[in-house]
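I opened the model today and kept notes as I went.

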Amino acid sequence: MSTTGESLRFGNNELGQSQFTKSRTLSVRLASGKKQARTTTGRLDESFIQKAVEKTVAQLNTAPEDPDYLPMLGRQKYPTLNRYHERTVEESAETKAGHVGHAIDLARKNKLLASGILGTSFDEVFMLNTAGLEADYRGTGGYFSLTMDADNGNQTGFAMSTFADISELNPGEVSETALERARLNKAQSEIAPGKFDVVIDPNAWSEMLFFFIVSASTGFSPDFGVRQYREGRSYLSGRMGEKILGDNVTLVDDVYHPLQTGPAFDGEGYPKSKLTLVEDGLLKGLASSRISAHRYNGVNPTGHELPLPNPLGEAPTNLVVHGKGGTKTLTGMTRDGTFLVENGEIKRPVKNLRFNQSLLDLFKNIDGFTEPVRNTSFTGTAMLQPGILARDFNFTSVSPF
């Protein structure tokens, strides 16, 4: 696997850093009988590759037999995914610096400070084995993250745009959005905690959604995976066919969605399938793999295995949240700007509030959606999520920060 990244970092209305990074990783998996082992190295000099192989051999000799071990996959057929955009790779530093410069000029004119990152990346993945498997992927991506602030960070406005092709980026719109939110977020006042109807910007809850599909308390175990579900370790165990979300919510794992990222194969090279996890609020499906199909009757692999060997099982990695019915354009945000809205109008900015909110209850109380948008990948899971209007969001206390 190879990742090449370029980024421009800026803060306090100054361009502070131009960074170029390139990382290459080799992961070696060996199997003999029902034993297997894996070693990963970030150094591709011949001597380090040799050491990685020797280490893997040593681990293999002492590894226990794996009752779930299956022979490595042979040659597979994959749907074509074109996620490489040359302009993203070739865009000049001068052009990207111009986007940053526009944001800084706009902040200065309005007596604000601009900070953020404009970054691009190019990823390549190659998977080969002695059984004849050959899988490869090339993809580009990037994001423009911008915060404008004043008053020692007590007046802030945030905006972000992500892209696969940098020609999709509208840097002026990002700058104007951050500026408008900072303008609105002046002279914040306190409000008493309680349950409120909330408008949540798409970028404000992607990390929250990650913890909807994994349980951090049990080592980031994937709750929507067959193995965790069948072993009773998922909070969803035993609930197949039950209504777990609102009947206007559908959740799919779809690597083929035009806004998604990543390869069309999983950690062992098996082709990924589009998978409906929740349909109209009902739990309908789980991510599975060849191992789960071997272990449990009636299970078919969906192409969601993590690199083997792994103790966690399968996980959705290309989540898309769909809202039923007409979508709406919503005004509001919860990151770097929280506002009191009355009768559909922003009345005043308010100080930050802590919340304690069940995600299942949140999904049951959604009244409106925007179209889902691409967000930055968080811990390997690419998500497309909408902005939402939801009832009875539980704020528990005023935050001092």
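Below are my entries on this predicted model.

**Entry 1, cores.** I began with the largest nonpolar core, which has 41 residues. F212, F224, L245, L251, V278, F363 and I388 touch the most other members. I then picked L251 and listed its contacts, leaving out residues up to four places away in sequence. L251 touches F212, F224, L275, T276, L277, V278, L319, V320 and V321. There is also a second, separate core of 22 residues, and A103, I104, A159 and V174 are among its members.

In which order do the strands of the open sheet of six lie? I read the order as 13-12-11-14-20-19, with mixed pairing. The edge strands are strand 13 and strand 19 (373-374), and each of them pairs on one side only. I noted for myself that strands of a sheet pair through backbone hydrogen bonds, either parallel or antiparallel. Strand 12 and strand 13 are antiparallel and share two bridges. V278 of the core list stands opposite L283 in strand 13.

Strand 6 (residues 134-150) pairs with strand 7 in the antiparallel sense, over nine bridges. S145 stands opposite M160 in strand 7. Four residues lie between the two strands of this hairpin, and D151 has a positive phi near 55° there. Is strand 7 (residues 155-163) mostly covered or mostly open? I found it mostly covered, since nine of its nine residues are buried. Q155, G157, A159, S161 and F163 point one way from strand 7, while T156, F158, M160 and T162 point the other way. Both sets are buried.

I looked up A187, which is not a glycine but has a positive phi of about 60°. A187 is in the loop between helix 4 (171-184) and strand 8 (194-200). Its relative accessible area is 68%, so A187 is exposed. D280 is another residue other than glycine with a positive phi, near 50°. D280 lies in the loop between strand 12 (275-279) and strand 13 (282-283). D280 counts as partly exposed because its relative accessibility is 30%.

Which residues are joined by a cis peptide bond? They are L308 and P309, and omega is about -5°. P309 is in the loop between helix 7 (290-295) and strand 14 (318-323). H304 is found in the loop between helix 7 and strand 14 as well. Is H304 buried or exposed? With a relative accessible area of 2%, H304 is buried. Apart from neighbours within four places in sequence, H304 is in contact with residues including D253, D266, S273, L275 and E314. I also checked H304 against D123: they are 181 residues apart in sequence and 20 Å apart in space, C-alpha to C-alpha.

The structure holds two cavities of 30 Å³ or more. The largest cavity has a volume of about 40 Å³. What lines the largest cavity? Its lining is made of R29, D68, Y69, L70, E268, R290, I291 and L308. By class I have four nonpolar, no polar and four charged residues.

Conventions. Residues are numbered from 1 along each chain as its sequence is written. This is a predicted model: local features need pLDDT of at least 70, side-chain atom pairs count only at pLDDT 80 or more; totals for chains, interfaces and linings use all residues. Side-chain values use heavy atoms; hydrogens and water are left out. A nonpolar core is a set of buried Ala, Val, Leu, Ile, Met, Phe, Trp, Tyr and Cys residues joined through side-chain atoms within 4.5 Å. Buried means under 20% relative accessible area, exposed over 50%, partly exposed in between (1.4 Å probe, protein chains only). Contact means heavy atoms within 4.5 Å. On a 1 Å grid over the protein atoms alone, a cavity is a set of points where a 1.4 Å probe fits but cannot get out, and a pocket is an open set with protein on both sides within 12 Å along at least five of seven lines; lining residues have an atom within 4 Å of a point. Grid points are joined across faces, edges and corners, and a volume is the space filled by probe spheres set on the points. Ala, Val, Leu, Ile, Met, Phe, Trp, Tyr, Cys and Pro count as nonpolar, Asp, Glu, Lys and Arg as charged, and the others, Gly among them, as polar. Two strands pair if DSSP finds at least two bridges between them.
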